[in-house]
Amino acid sequence: MRIGRQSRWCNFSCFFWILYYSILAFILFIVAVIIFWLIFQPQELKFTVTDASLTQFNLTNTNTNNNNNNTLYYNLALNVSIRNPNKKAGVYYNRIQAIGNYGKKRFALVNTTSTPFYQGHKNTTMVRFVLQGQQVVVLGGKELSRFNSETSARVYNIDVKLAPRIKARYGKIKTAYFKPPKVDCQLKLPLSTIYNNGTSVGPKFVSKECGSVKIFTISVGIEIGPFSFETG
């Protein structure tokens with residue numbers, strides 16, 4: 001009987017201490033995170049499409065089995081400014097992809113030619129993307145009707161998502177490379193006409209700030225970036 005009671009007491013005691021040290025470790029972790037945030041006070045990066053030129057966006061349509069199978073021909077050039085407002089945090093960019101979507105259909109994926117590069121404190125960096133080519137897309141009746149309407153207006157609603165692969169630097173501390181959520185840039189793009197001499201004519205594109213950027217924000221809501229640190 002004593003052996004049984006001692007065993008039960010040991011199990012309870014072991015469980016209590018494991019729970020105690022787990023809670024203590026979690027509290028110390030949160031305190032360390034808060035101290036880290038107070039020191040570096042990281043802010044999110046700002047992505048802005050400062051200039052865009054759409055010179056081709058047309059479909060060839062074949063109607064098969066009640067689906068509108070289209071080949072989309074496109075030529076879109078984008079200049080994107082990336083602002084790092086942080087005083088004590090820099091960013092290494094391994095690559096940045098631009099993904100072109102019309103409606104919910106993806107038609108292009110390209111990498112910027114500027115990467116890899118490092119963006120220092122309080123710095124604004126310009127990157128350029130050229131989406132050019134053709135892609136088969138399947139549009140429903142409503143989507144095709146929308147495309148025809150926008151073709152008549154010569155202004156297209158195109159969603160470009162930016163997908164960076166980066167690592168952050170806080171002083172001498174660097175994170176591992178990671179992929180934050182995609183940055184959404186919802187663009188209203190006027191179609192420009194190119195003449196034989198190379199000049200283009202059309203309405204001017206209005207600079208557009210991209211949507212919510214979640215690069216330094218983690219799931220617990222404290223903005224410090226991922227915790228897989230490496231020194232050096």
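Predicted model: local features only at pLDDT ≥ 70, side-chain atom pairs only at ≥ 80, totals over all residues.
1. Let's start with the length of α2. This helix runs over residues 141-153, and at 1.5 Å a residue its 13 residues should span 18 Å. The C-alpha atoms at its ends are 19 Å apart, which agrees with that expectation.

2. Leu144, Phe147 and Glu150 are the buried residues to look at in α2. They sit on the same side of the helix, because the arc they cover around the axis is only 125°. On the face turned away from that buried side you will find Gly141, Lys142, Ser152 and Ala153, which are exposed.

3. Now to the cysteines. The count comes to one disulfide, taking sulfur atoms within 2.5 Å as the rule. Its partners are Cys185 and Cys210, with 2.0 Å between their sulfur atoms. The torsion about their S-S bond is about 95°, so this disulfide is right-handed.

4. Where does the pair of Cys185 and Cys210 sit in the fold? Cys185 belongs to strand β9 (residues 183-190), while Cys210 is in the loop between β12 (208-209) and β13 (229-231), so the pair ties together parts that are 25 residues apart in sequence.

5. Finally, are Cys185 and Cys210 buried or exposed? Buried means under 20% relative accessible area. Cys185 has a relative accessibility of 0%, so it counts as buried. Cys210 has a relative accessible area of 7% and is therefore buried.

Terms used:
Residues numbered from 1 in each chain as written. Heavy atoms only, no water. Helix = DSSP H or I, 4+ residues; strand = E, 2+ residues; numbered from the N terminus. Expected span 1.5 Å × (residues − 1). Buried < 20%, exposed > 50% of the residue type's maximum accessible area, 1.4 Å probe, protein only. Arc of directions from axis to C-beta.
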